Amino acid sequence: MSPARGKDVRRRLVRSPGAVAGTALLLGLFLFAYAGPPLAGWGYADIDYRALHSPPGARHWLGTNRIGQDVFVQSARGLQKSLLVGTLAAAVSTVLAAAVGVCAGYFGGWTDRVLTFCVDLLLVVPAFLVLAAVAPRLRAAGWLAYAGLIAAFGWMVTARAVRALTRSLRERQFVVAARYMGVAPLVVIRRHILPHLASFLVTDATVTVAGAVISETGLAYFGFGAQPPDVSLGTLIADASDVPTTYPWMFYVPAGLLVLLILAFHLIGDALRRALDPVTAAAAVRGAP
């Protein structure tokens, strides 16, 4: 991306209500997750035996759960896990999709056929069933293993899109000229292919974070995520799924945080797509709706 275009993209992002709202919301969630627990004065595993099922109050700002653990601190801990797992899974997934898609699209031939066959094979595998079957064996490995497992089944669609874009870029004059000049394939990819894919990959990674968070929450909801005494938003929602009306703070606090987190990433991703899309940018310049 050229400096001029980068400046133009930043200007459109600053002027985008979705980008501003999403960034502010994400910043607020980060502060809640990492700055909130020290202020509350409780640990996520601490138990207050004098406050079982206690409603929100001065001692426990968002109430307590069945055994007297602070809902505020536990929700912050669960949000930390979702942020870490979602971000790491999205990063690994995007890098893997970029590597496979670019190699398949640029080199073609047997490389393209083998990689495309692997992608198509993984696309027809029921990912959630595989995750549910493998996840119990990774409980001792911690959240890093879950992030890697989610990333392993979240890159195929992006890889196909990257392959198609790379096949188109491969025929551009500047790429053809570099190849005729004897420039090494990896250098051509680094200098000419990846910079033109950067906007797509950044936007896709932002959206992928939301998908990874949902996947992690789903696994945790069914008991395949964080193990006691640790928590995640999925385990908190699962533990309170039978009391949303009698003890609403136990259910709606982690569920609300999950909705807000996904909303923030979707707002940022949509704003990035609009800012980086040349067609949308041209329409904005012309004053089109």
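This is a predicted model: local features need pLDDT of at least 70, side-chain atom pairs count only at pLDDT 80 or more; totals for chains, interfaces and linings use all residues.
By class, the contact of α3 with α9 is made up of 18 nonpolar, 6 polar and 2 charged residues. Two packed helices are described by the angle between their axes and the distance between the axes. Here the axes of α3 and α9, the latter covering residues 185-221, come within 7 Å and cross at roughly 145°.

Stepping back to the whole protein, the secondary structure comes to 12 helices and 0 strands. Read along the sequence, that gives the pattern α-α-α-α-α-α-α-α-α-α-α-α. The C-alpha trace spans about 75 × 50 × 30 Å along its principal axes. How much of the protein is buried? Of its 289 residues, 44% count as buried.

Next come the empty spaces. Rolling a probe the size of a water molecule over the atoms shows where empty space is left. The largest pocket comes out at a volume of about 410 Å³. Its lining takes in 22 residues, and N65, Q74, V231, L236 and D239 are the ones that lie nearest the centre. Which helices supply at least two residues each to this lining? They are α3 (71-107), α10 (233-239) and α11 (248-276). Of the contributors, α10 gives the most, with 4 residues. Sorted by class, the pocket lining has 12 nonpolar, 7 polar and 3 charged residues.

The largest cavity has a volume of about 50 Å³. V100, G101, A104, L115, T116, V119, A159, R160 and R163 form its lining. At least two residues of that lining come from each of α3, α4 (109-123) and α7 (156-170). The cavity lining divides into 5 nonpolar, 2 polar and 2 charged residues. A pair of aromatic rings is described by the distance of the centres and the angle of the planes. The count comes to 6 aromatic pairs. How are the rings of F30 and Y34 arranged? Their centres are 6.2 Å apart and their planes sit at 15°, so the pair is stacked, given that planes under 30 degrees apart count as stacked. Both F30 and Y34 lie in helix α2 (residues 17-40), 4 residues apart, which is about one turn of the helix. With 34% relative accessibility, F30 counts as partly exposed, and Y34, at 39%, counts as partly exposed too.

The rings of Y247 and W249 make another pair, with centres 5.7 Å apart and planes at 75°, so this one is edge-to-face. The cut-off for that label is an angle over 60 degrees. Y247 has a relative accessible area of 25% and is partly exposed, whereas W249 is at 15% and counts as buried, the limit for buried being under 20%. Elsewhere, ring pairs link F32, W61 and F72 into a cluster.

A264 lies in helix α11. Is A264 buried or exposed? At 0% relative accessibility, A264 counts as buried. A264 and T23 are 241 residues apart along the chain, and 6.9 Å separates their C-alpha atoms.

L31 lies in helix α2. At 52% relative accessibility, L31 counts as exposed, because the mark for exposed is over 50%. From L31 to A164 the gap in sequence is 133 residues, and in space it is 40 Å, C-alpha to C-alpha.

H53 is found in the loop between α2 and α3. Its phi is near 55°, a positive value in a residue other than glycine. At 23% relative accessibility, H53 counts as partly exposed.

Note on methods. Residues are numbered from 1 along each chain as its sequence is written. Side-chain values use heavy atoms; hydrogens and water are left out. On a 1 Å grid over the protein atoms alone, a cavity is a set of points where a 1.4 Å probe fits but cannot get out, and a pocket is an open set with protein on both sides within 12 Å along at least five of seven lines; lining residues have an atom within 4 Å of a point. Grid points are joined across faces, edges and corners, and a volume is the space filled by probe spheres set on the points. Ala, Val, Leu, Ile, Met, Phe, Trp, Tyr, Cys and Pro count as nonpolar, Asp, Glu, Lys and Arg as charged, and the others, Gly among them, as polar. Axes are lines fitted to C-alpha atoms, for helices over the stretch in contact, and angles run from 0 to 180 degrees between N-to-C directions. Rings of Phe, Tyr and Trp (its six-membered ring) pair if their centres lie within 6.5 Å; planes under 30 degrees apart count as stacked, over 60 as edge-to-face and the rest as tilted. Buried means under 20% relative accessible area, exposed over 50%, partly exposed in between (1.4 Å probe, protein chains only).
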